[in-house]
Amino acid sequence: MTTLKVHDIESAPEGSKALLENSQKSFGMIPGLHGVLAASPKILEAYQTLHQLFTETSFNNDELTVVWQAINVEHACHYCVPAHTGIAKMMKVDDAITEALRNETPLADSKLEALRTMTLTIVRNRGNVTQEDLDTFYAAGYGEQQVLEIILGLSQKVISNYTNHIAHTPVDAPFEKFAWSK
């Protein structure tokens with residue numbers, strides 16, 4: 001059941017058409033999320049910009065996946081968890097990382113687990129972290145830059161997770177095989 005319209009290039013507002021064309025070129029399809037966001041050209045632009053900026057942070061593919069999926073799972077996003085499972089496969093992230101994130105079990109790599117823990121601490125406490133939380137994160141090999149980059153990733157995920165909750169965005173066909181529920 002979809003409660004918000006999933007636009008295509010023809011039905012989208014004029015300000016979203018070029019953005020959806022870029023999605024089509026980049027992904028070979030228009031992801032359902034992009035089609036929903038197209039109703040507001042500025043939110044679609046913001047989402048795409050935040051995505052690009054987050055992929056350009058200091059995080060490697062495993063770390064990007066940890067931040068994205070920790071947030072997706074915490075927010076119980078029926079759309080983003082399967083989508084980022086498929087994206088992780090395309091990014092050659094170890095399936096064991098993805099499965100641990102999907103199943104909310106500890107990651108084998110202690111540095112990645114520290115990243116997951118800090119991400120969830122930020123999400124669950126709405127940014128109210130303690131000095132002890134920061135010290136533990138720093139001791140794992142991260143720094144202030146990565147704390148701020150988690151917030152950038154969270155900004156992107158708030159847009160997508162909340163939109164998908166409201167819209168009940170259908171999972172895109174390529175990611176249906178990775179269906180997930182909390």
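This is a predicted model: local features need pLDDT of at least 70, side-chain atom pairs count only at pLDDT 80 or more; totals for chains, interfaces and linings use all residues.
Modeller: Residues are numbered from 1 along each chain as its sequence is written, and side-chain values use heavy atoms, with hydrogens and water left out.

Biologist: How do you know that the span of helix H7 agrees with its number of residues?

Modeller: Helices are DSSP runs of H or I with at least four residues, numbered from the N terminus, and the expected span is 1.5 Å times one less than the number of residues. For the 15 residues of H7, 110-124, that gives 21 Å, and the end C-alpha atoms are 21 Å apart, so the two agree.

Biologist: What makes H7 mostly covered?

Modeller: Buried means under 20% relative accessible area, exposed over 50% and partly exposed in between, with a 1.4 Å probe and protein chains only. Eleven of the 15 residues of H7 are buried, including Leu112, Leu115, Met118 and Ile122. The buried residues pack against helices H4 (61-74), H6 (95-103), H8 (131-139) and H9 (144-167), where contact means heavy atoms within 4.5 Å.

Biologist: Why is Arg102 called buried?

Modeller: Arg102 has a relative accessible area of 12%, and because buried means under 20%, the term applies. Arg102 lies in helix H6 and, leaving aside its neighbours within four places in sequence, is in contact with Gln69, Val73, Val81, Pro82, Thr85, Phe178, Ala179 and Trp180.

Biologist: Which residues touch the most other members of the largest nonpolar core?

Modeller: A nonpolar core is a set of buried Ala, Val, Leu, Ile, Met, Phe, Trp, Tyr and Cys residues joined through side-chain atoms within 4.5 Å. Of the 25 residues in the largest one, Phe59, Leu115 and Ile150 touch the most other members, and H4, H6, H7, H8 and H9 each supply at least two residues of this core.

Biologist: Why is H8 called roughly perpendicular to H9?

Modeller: Axes are lines fitted to C-alpha atoms, for helices over the stretch in contact, and angles run from 0 to 180 degrees between N-to-C directions. The axes of H8 and H9 come within 10 Å and cross at roughly 110°. Angles under 35 degrees count as roughly parallel, over 145 as roughly antiparallel, 65 to 115 as roughly perpendicular and the rest as oblique, so H8 is roughly perpendicular to H9.
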